[in-house]
Amino acid sequence: GSIVKPADSTELIEFKRLTKSNKFAYRALILSCVDEIALDMVGRAKTTELPKGDARKTWLNLTTKYQPNDRSTMIELKKECVNLKLNYVTSPDEWINQLEN
């Protein structure tokens, strides 16, 4: 959608809040990138209304690319996650890293 310029002070306050939220979300998505492909997808998610980055467009691009979309992939990911166990040999940081990746 396109951004409509605020007509009054209430709309201006809301516009500023939404712009700040978009900026925060976009930066968080940049920081969450684990490879060059994802980072490139984030970098391409800019619009004329949001030239510094559109968080919603970024999220849609990333979920289209990375979200599992078939049942077998979902079952495989769930099985992998269930089998991750924290033990005395593995540090908590390594274990959390495995969960995140």
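Predicted model: local features only at pLDDT ≥ 70, side-chain atom pairs only at ≥ 80, totals over all residues.
**Overall make-up**

The protein chain contains 5 helices and 0 strands, so its elements follow the order α-α-α-α-α from the N terminus. Of its 101 residues, 15% count as buried. Among contacts between residues at least 6 apart in sequence, 42% join residues at least 24 apart.

**Helices α1 and α3**

Two packed helices are described by the angle between their axes and the distance between the axes. For α1 (residues 9-31) and α3 (residues 55-66), the angle is about 30° and the axes lie 8 Å apart. On the α1 side, the residues that meet α3 are Asn22, Ala25, Tyr26 and Leu29. On the α3 side, they are Ala55, Arg56, Thr58, Trp59 and Leu62. By class, this contact has 6 nonpolar, 2 polar and 1 charged residues.

**Helix α2**

Helix α2 covers residues 36-43, and Ala38, Met41 and Val42 are buried in it. These three are on the same side of α2 because they cover an arc of only 100° around the axis. An α-helix has 3.6 residues a turn, so residues three or four places apart point the same way. The buried residues of α2 pack against α1 and α3. At the start of α2, a side-chain oxygen of Asp35 comes to within 3.3 Å of the backbone nitrogen of Ile37.

In soluble globular proteins, nonpolar side chains tend to be buried together. Here the largest nonpolar core has 8 residues: Tyr26, Leu29, Cys33, Ala38, Met41, Val42, Ala55 and Leu62. Each of α1, α2 and α3 supplies at least two residues of this core. The largest share, 3 residues, comes from α2.

Thr58 belongs to helix α3. Its relative accessibility is 0%, and therefore Thr58 counts as buried, the cut-off being under 20%.

Note on methods. Residues numbered from 1 in each chain as written. Heavy atoms only, no water. Axes fitted to C-alpha atoms, helices over the stretch in contact; angles between N-to-C directions. Helix = DSSP H or I, 4+ residues; strand = E, 2+ residues; numbered from the N terminus. Contact = heavy atoms within 4.5 Å. Nonpolar A, V, L, I, M, F, W, Y, C, P; charged D, E, K, R; others polar. Buried < 20%, exposed > 50% of the residue type's maximum accessible area, 1.4 Å probe, protein only. Arc of directions from axis to C-beta. Polar contact = N/O pair within 3.5 Å; in protein donor to acceptor, adjacent residues only side chain to side chain. Core = buried A, V, L, I, M, F, W, Y, C linked by side-chain atoms within 4.5 Å.
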